[in-house]
Amino acid sequence: MFPHVRMRRLRSGKIRDLVRETELSANDLIYPMFVDETIDSTVDVSSMPGVQRLPLDKVVDDAKDAADLGIPAVVLFGIPEHKDETGTCSYGDEDIVQQAVRAIKEDLGKDMVVITDVCMCEYTSHGHCGVVDFETEEVLNDPTLDILGRIAVSHANAGADIVAPSGMMDGMIGAIRTALDDGNFKNTPIMSYAAKYSSAFYGPFRDAADSGFQFGDRSAYQMDPANSDEAIREVELDILEGADMVMVKPALPYLDIIYRIKHEFKMPTAAYNVSGEYSMLKAAAEKGWLDEKQVMHESLLSIKRAGADMILTYFAKDLARMLK
Ligand code: PBG
């Protein structure tokens, strides 16, 4: 009589459903949107099939589609008409993201959580996430903090429900918390891109957001993919500075980091299934090498199983449709 223990007993039919530990829901999803001030009609992002840059007047419809599918949140990225060395078009009341936030909130109100990416790279002519000293090509930490505070306040003022700083400057969460509190936005939460790695998986995003850099790379401020303990320190600091939610980015190659962060801090934890993770599945599916729906579901499920409470993903609408 062998074996007594048979794991296969629980693997069929409704029993399989009954013992499932992790389940994806549309409520877990955050849908990224690109709002482009330089276009009049929608433009496809060639390296991310299914992803588009939208002109301002198409933003509300797209957010409504997401809401109709049961997606509770969007994250907005802006592509401005004008870029300069210090990203001055990132914090004006009439700049592109601020207008998009207002449009979505006017139409959808409480039915859509609007999160804004707070960073300078889409707005600077050199494409870096902060103020640059051109002699040394250094991205200057402290002068950048003031600007990040201004951006966050301008987003909150336009109606953003959550601000999400992604620039990996030291002290950015504290600076933004202080700026928000001083601006009377004490109740606006901060979702920190706390453990953001210097990753080649961001390649297609830089097409989508037109945020490629003119020199160097981002390794002087984004994390070394080799490090895991350092992620713990990053997240710990951000929590001490006032982060309400923390993020790990990218997601799939960093499931161990998601797991560690969730277990160490028990914070609301987001994971960003980034552009390169999306494009590689899309490309393989286009070639007929992988089943797109199945690998999408399995990938996102794995991110949740690792410990993510929320997933930022370009698959948000596809997954929500599949779960309906
Ligand atoms: C901007 C930002 C980036 C991403 C999100 N916010 C790009 C970068 O750091 O170069 C990447 C998202 C993706 O690849 O999907 N700071």
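Met168 is placed in the loop that runs between β8 (162-165) and α5 (172-182); helices (H or I, at least four residues) and strands (E, at least two) are DSSP runs, numbered from the N terminus. Although Met168 is not a glycine, its phi is positive, at about 60°. Most residues other than glycine have a negative phi, and most peptide bonds are trans.

This is a predicted model, in which local features need pLDDT of at least 70 and side-chain atom pairs count only at pLDDT 80 or more, while totals for chains, interfaces and linings use all residues. Residues are numbered from 1 along each chain as its sequence is written, and side-chain values use heavy atoms, with hydrogens and water left out.

Two cis peptide bonds can be described next. A cis bond joins Phe2 and Pro3, with omega about -5°, and Pro3 belongs to the segment before α1. The bond from Lys249 to Pro250 is also cis, with omega near -10°. Pro250 lies in the loop between β10 (245-249) and α8 (255-265).

Lys249 leads on to the ligand. The ligand is surrounded by 17 residues, of which the closest are Lys196, Arg206, Lys249, Ser275 and Tyr314; a residue counts here if one of its heavy atoms lies within 4 Å of the molecule. This shell divides into eight nonpolar, three polar and six charged residues, where Ala, Val, Leu, Ile, Met, Phe, Trp, Tyr, Cys and Pro count as nonpolar, Asp, Glu, Lys and Arg as charged, and the others, Gly among them, as polar.

The side chain of Lys249 has an N or O atom 3.3 Å from a nitrogen atom of the ligand. For Lys196, a side-chain N or O atom is 2.8 Å from a ligand oxygen, and a polar side-chain atom of Tyr314 lies 2.6 Å from an oxygen atom of the ligand. A polar contact is a pair of N or O atoms within 3.5 Å; within protein, one must be able to donate a hydrogen and the other to accept it, and residues adjacent in sequence count only if both atoms are side-chain atoms. Of the 410 Å² of accessible area that the ligand has on its own, the protein covers 100% (Shrake-Rupley method, 1.4 Å probe).

Elsewhere, Lys105 is part of helix α3 (residues 96-108). A polar atom of the Lys105 side chain lies 2.8 Å from the backbone oxygen of Gly109. Beyond neighbours within four places in sequence, Lys105 is in contact (heavy atoms within 4.5 Å) with Met112, Val114, Gly159 and Asp161.

Glu23 sits in the loop between α1 (13-18) and β1 (29-36). With neighbours within four places in sequence set aside, Glu23 contacts Asp28, Leu301 and Lys304.
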